[in-house]
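Please walk through the side-chain contacts and one of the sheets of this protein. The account below should be read with the structure open.

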Amino acid sequence: MIFCSRNEFHKSPFGAVPAGTAVSFRLTFPHNTPDPKAVLEVFQDDVFDVPALVTPFVFESRAEGFDSYICEFTPSSPQLLFYRFSILSGGNRRILGRDAGGSGSFESKDLWQLTVYDPGFQTPPELAGAVFYQIFPDRFCNSGKPKKNVPSDRILHKDWYEEPVSRPNAQGEFLCNDYFGGDLEGIRQKLPYLAELGVEVLYLNPIFEAHSNHRYNTADYSRVDPLLGENEDFRQLCADAEKLGIRVMLDGVFNHTGSDSVYFNKEGRYGHTGAYQDPNSPYRSWFSWEQYPTRYQSWWGFETLPNVNEECDSYRDFICGEQGVLRSWLRAGAKGFRLDVADELPDSFIQDIRKAVKEEDPHNLLLGEVWEDASNKISYGCRRQYFQGRELDSVMNYPWRTAILRFIRYGAGEELREAIETILENYPAPVIPVLMNCLSTHDVPRAITALAAPPMDGHDREWQRQHNTLDANTFYTGRQMLLLAAMIQYTLPGAPCLYYGDEAGLVGYADPFNRGTYPWGREDVGLVDFFRILGSLHKKSPTLRTGSFEAVSFDHHSCTYLRRLENHTLLVCVNRSREDLEIPYDPWLLRDAEPLLTVGGMEDCFSLHGHSAILMRLPDGEKAAKSFFVTTGHQSKE
């Protein structure tokens, strides 16, 4: 191997670096390589015709079988860089590019990435490895508390356990105006349950007044939606949550409003001050008009979601100003925001949001909805700057979600390893402990469905409805596969996020089937207990919260990796097959290990010669606890 970016012998330090950090690169050549001369070529973001920096390698040392050459450079400012190597040997010049696993190949034209971030960039240390819990507020718990000023055009389900409305009305419209009455008081009453799950951050989908059950079409940023309660209910929820060590994070929808809102008021619900009703409205400059008032820019063409111009000074002050939306809700008790469709918010706007959020409290969290690798994301032709230290703390980690589910369902082990190591290599170190690692969200099928049901593959809602109820065998298989997926989710670096009801056995394809009500009184008790154990394990283990990651083996049947922190090492093995497997186990890998981290009730947690390990397989009757033979070369532990 000439070079591998994931091997600290070849590149040090590993991964992204703070600006001002000296980065060393080492190439190795066999002794018989004729007089190799190599240079490092560094390219600035998206300027790939001419390298911005060319640095020659110098001979370092001779070892058995190879010679090593080394060079070093120090990036001076936060930026996204890419690099490759040009090597002259025997009169031939060849380009060494990036191949799978970060290794070098003369056949590849791909470049390596180097993320450089602000050395002052920090994320809330107390949230490192915290357990998140996401709630779709209308569907979690109805306290029964009387509501005031509820609009008359809302349809209220009489049965909590009914399926959400998924067919259009007589006019062919999906109005999303059916409600189950879940509220903030109901969430407050269930805080002890959330604490038992180990929850430390409660992420709420939108709670502001809006005229749909998802509430992504904000009507009034200053008020809690009347079906959820009143502003005081939110303050009380935050205060009681804090007593249990739980922070509340809100969903910030700042790219668009509802057309039925104080600000746009197309439907006339709010008098005559909205931008659509009044050409002299103070809100008119917030929106982009093609032909006033009938034609305007909207989110993905939905006329009920008019786009907001985030460059408008009055709108920006309304959101980020001293008396703005962000600070008002933070002062009411929120501890951070998740930014909806962050890809569609200008970098300068996100920077202003961060400034407001962090000025209220540096320990507040700012997280973005980004579906791809956020370190090199391009949206609307612009390379984003999320992770240079001036914008987001973290993102929803959809790449790992996809890879975990594909491994458990299809056996894509190498794909899982590549997804994990790519994110760890590209993201700044402060981001990793607060990565929001999810298996389900309100925007994707629930995990059990994604793991065991027929793939959705673009099928429409009618097909989804027909296949949404799983037979007993499919559900049980998906349930058991969820145990394995969650084991990976909770033992990888970052902050695992549990989507409400996954722990109770909820299933469902896309919206609205993935937004069913929490089945209080009908939970899968065994599944809930399992997530309690996982939450306890994760919350109490510093190694899982902040430890490093080292891959051991990933293949079609199993994945094995280490989490290491100082003098404690944890070995994680997951077997997705129904067969006993022998896992290669080198005791040298656990040279710094301490005794087993004990977790009450988890039978598949073993002590291996005084070291820690969590072993898990797809259960098969009585063989559930006999899933692995972990070999150390001379002995084994079943």
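F302 counts as partly exposed, because its relative accessibility is 47%, and the limits for that class are 20% and 50%. The model is a predicted one. F302 is placed in the loop between β20 (295–296) and α4 (313–320). Together with W300 and Y380, F302 forms a nonpolar patch on the surface, and the accessible area of the three residues is about 470 Å².

Aromatic residues also meet one another. Searching the whole structure gives 56 aromatic pairs. One of them is F554 with Y561: the ring centres are 6.2 Å apart and the planes lie at 15°, so this pair is stacked. The cut-off behind that step is an angle under 30 degrees. F554 and Y561 are both buried. Elsewhere, ring pairs build a cluster whose members include F208, Y221, F234 and F254.

R461 has its charged end over the ring of F174, at 4.1 Å from the ring centre. R522 is placed likewise over the ring of Y161, with its charged end 3.6 Å from the centre.

Charged side chains pair with each other as well. Across the whole structure, the search finds 55 salt bridges. In one of these, the side chains of R545 and E200 meet with an N to O distance of 3.0 Å. R545 is buried because its relative accessible area is 14%, under the limit of 20%. E200 is buried too, because its relative accessible area is 10%.

A second salt bridge joins the side chains of D343 and K377, at 3.2 Å from N to O. This pair also links distant parts of the chain, 34 residues apart. D343 lies in the loop between β21 (336–339) and α6 (347–360), and K377 lies in the loop between β22 (365–368) and β23 (378–379). Both D343 and K377 are buried.

The side chains of E421 and R417 meet at 3.4 Å, N to O, and both residues lie in helix α8 (residues 413–426). They are 4 residues apart, about one turn of the helix. What sets the burial classes of the two partners? E421 counts as buried because its relative accessibility is 14%, whereas R417 counts as partly exposed because its value is 27%. E421 and R417 also belong to a network of salt bridges that links them with R6, R98, E418 and E425.

The last topic is a sheet. Strands of a sheet pair through backbone hydrogen bonds, in a parallel or an antiparallel way. Here, 4 strands make an open sheet in the order β1-β3-β7-β6, with antiparallel pairing. β1 (11–12) and β6 (58–63) stand at the edges and have a single partner strand each, so one side of each has no neighbour in the sheet. β1 pairs with strand β3 (residues 23–30) in the antiparallel sense over 2 bridges. K11 has F25 in β3 as its bridge partner.

Technical notes
Residues numbered from 1 in each chain as written. Predicted model: local features only at pLDDT ≥ 70, side-chain atom pairs only at ≥ 80, totals over all residues. Heavy atoms only, no water. Salt bridge = Lys/Arg side-chain N within 4 Å of Asp/Glu carboxyl O. Buried < 20%, exposed > 50% of the residue type's maximum accessible area, 1.4 Å probe, protein only. Patch = residues over 30% accessible without salt bridge, like charges linked within 9 Å, V, L, I, M, F, W, Y side chains within 5 Å. Areas by Shrake-Rupley, 256 points an atom, 1.4 Å probe, with all protein chains shown as cover. Phe/Tyr/Trp six-rings, centres within 6.5 Å; stacked < 30°, edge-to-face > 60°. Lys NZ or Arg CZ within 6 Å of the ring centre and 35° of its normal. Pairing = 2+ DSSP bridges.
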